[in-house]
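Hello,

Here is the structure I promised to send over. Have a look at it first, and then read on for my notes.

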Amino acid sequence: MNINLLGRRSFLRSSTLFGSALGLSSTVKGNEFLENTSFQPKPKGQSVIGLRTAPIAQLRVGFIGVGNRGSGHIHQVFACGGKAKIVAVCDVQNTKVENTKNWLESKGVSDVTYYSGKLTAWREMIKRDDLDIVIISTPWEDHVPMSVEAMLAGKHVAVEVPAAYTIEDCWKLVNTAEQMQKNCIMLENVCYGDEELWLLNMAHQGVFGNLTYAECGYIHDLREMLLSKDYYYNMWRIRHNEKRDGNLYPTHGLGPVAQYMNIDRGDRFAFLVSMSSKEASLSEDSSTLTDSSNEFHAHHNYKHGDMNNTLIKTNNGRTILLQHDIVTARPYSRINMLAGTKAFHNGYPSRFSKKGAGHGYLNDEEYKILREEYKHPIWNKMEAEIEKNGGHGGMDFLMIYRMIDCFNQGISLDMDVYDAASWSVVSPLTELSIKKGSAPVNFPDFTRGRWKENRKLGMLEIK
Ligand SMILES: NC(=O)c1ccc[n+]([C@@H]2O[C@H](COP(=O)([O-])OP(=O)(O)OC[C@H]3O[C@@H](n4cnc5c(N)ncnc54)[C@H](O)[C@@H]3O)[C@@H](O)[C@H]2O)c1
């Protein structure tokens, strides 16, 4: 069967915003989340806050999806040497599997099992009894079915961003992780950036005083890639712009801010309001596509507004402005702005100012001293490996290394399923707010009340 047809059908099937086919149980329907976003389904097991598993000396890893992103994860897991073992790799496209096989064999790794050729081949892979974790880097619509089935098959899961894009699916991840007592980490690499970890350190050591406000976002002109027939598998990403209006990709900007602000570790996202501009860029670019065999040639019905602005209020009174713009000429930025009673930081480029030091930013010399003083110890300790293995300036390697290291040591992972759900749920909540004329929409409390506990982030324990 034609892969394009299969792909489109699978997108339509799983993109139903609150479809009851994805119901958590026969008594809980997607509509309940639509009517009351604070609704909490019945838990299926104990909380996984602080979950620890017995140390695993060598983590056995399987991969689903080795396209643009998944192939990078293969490199990073390989770079971790004997701390992990690549056991199995699955991609529906045989060429992707072949590329991975060739690369691994060129590195002397030949004892890997490969799965390909059909959309359901991953189901065979996750049945294996020699896998500890499955890394999922597939289109968004596949994240939840693959994560849930992998956990039910007894595997830990590391899933790409965003982990889910319906409220119901966020709860599915939480309930399944609790039922199976498995880790479900969302691979939010930006939390491991040098600048972000430096800010995290300063925020938690009181340099900013009382945190009040942040601005963050994902500003990245992806038009060429969205409209390319070949960049994303079956052009999966533009289909979301076609069908949905909201913040489709919230977690790169928001994840680090959530960690600065102790979200679900003393504070929580309370509600948001969201507004999108009109859509213009993709329609305009579609009309200039010369290839009439491109499905999006002269296409005009994109639902997604060019710029989405969202305001989030936290329980402790902080506010966050979150932006999403993937279709304008604005230069790349995640903004990374943080304000407190004693200091202020703005990103792109990074600048810092503090109370009582005039109205300007620190000069280069002062900035460098501050940067050194609060540099995260892991960036000092692992500078050479980070530089060698790279990936978005080193954050990709560090994230994978740290996750594997936590399993090796048998300690809790830095990010848990509640982070995955609380950060990802921004997408459906913004869609809902927009549908209701930018009305306020409450966040679900995925921790079921435990957000009040002042848990310390693992990354802040490293000396
Ligand atoms: N954290 C980051 O910095 C970052 C960067 C890029 C992408 N991503 C995320 O990574 C994920 C993948 O994005 P991408 O850019 O690599 O897309 P992609 O289209 O390049 O890769 C997706 C891969 O999944 C495969 N696939 C699709 N359906 C499958 C199935 N049923 N079974 C097995 N394989 C299947 C495709 O063949 C393809 O190789 C997305 O969730 C995206 O948001 C994250």
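Which residues come nearest to the ligand, of the 26 around it? They are Gly65, Gly67, Asn68, Arg69 and Tyr233. Please keep in mind as you read that this is a predicted model.

**Around the ligand**

By type, the shell divides into 12 nonpolar, nine polar and five charged residues. Two of the helices, α3 (68-79) and α6 (140-152), each supply at least two residues of this shell. With three residues, α3 gives the most.

**The parallel sheet**

Six strands make up an open sheet with parallel pairing, in the order β3-β2-β1-β4-β5-β6. At its edges are β3 (113-115) and β6 (184-186), each of which pairs on one side only. On average, and ignoring direction, neighbouring strands here are turned by 25 degrees against each other.

Inside this sheet you can follow β1 (residues 59-64) alongside β2 (residues 84-90): the two pair in the parallel sense over six bridges. Helix α16 (residues 395-409) lies across β1, β2, β5 (156-159) and β6, and runs at about 140 degrees to β1.

**The mixed sheet**

There is also an open sheet of eight strands with mixed pairing, ordered β13-β12-β11-β7-β10-β9-β8-β14. Its edge strands, β13 (351-354) and β14 (441-442), have a single partner strand each, so one side of each is left without a neighbour in the sheet.

Strand β7 (residues 211-219) pairs with β11 (residues 337-340) in the antiparallel sense, over four bridges. Here Tyr213 has Ala339 of β11 as its bridge partner. Lying across β7, β10 (319-325) and β11 is helix α11, which runs at about 160 degrees to β7.

**A helix pair**

That helix, α11 (residues 251-260), also packs against α8 (residues 194-204), at an angle of about 20 degrees and with the axes 9 Å apart. Because of that angle, α8 is roughly parallel to α11. The crossing of α8 past α11 is right-handed.

On the α8 side, the contact is made by Glu196, Leu199, Leu200 and Ala203, and on the α11 side by Pro256, Gln259 and Tyr260. These contact residues divide into five nonpolar, one polar and one charged.

I hope this helps you find your way around the model. Do write back with any questions.

Best wishes

Technical notes. Residues are numbered from 1 along each chain as its sequence is written. This is a predicted model: local features need pLDDT of at least 70, side-chain atom pairs count only at pLDDT 80 or more; totals for chains, interfaces and linings use all residues. Axes are lines fitted to C-alpha atoms, for helices over the stretch in contact, and angles run from 0 to 180 degrees between N-to-C directions. Angles under 35 degrees count as roughly parallel, over 145 as roughly antiparallel, 65 to 115 as roughly perpendicular and the rest as oblique. A crossing is left-handed if the near helix is turned anticlockwise from the far one by less than a right angle, and right-handed if clockwise. Two residues are in contact if their C-beta atoms, placed from the backbone, lie within 7 Å. Ala, Val, Leu, Ile, Met, Phe, Trp, Tyr, Cys and Pro count as nonpolar, Asp, Glu, Lys and Arg as charged, and the others, Gly among them, as polar. A residue is near a molecule or strand if its C-beta atom, placed from the backbone, lies within 6 Å of it. Two strands pair if DSSP finds at least two bridges between them.
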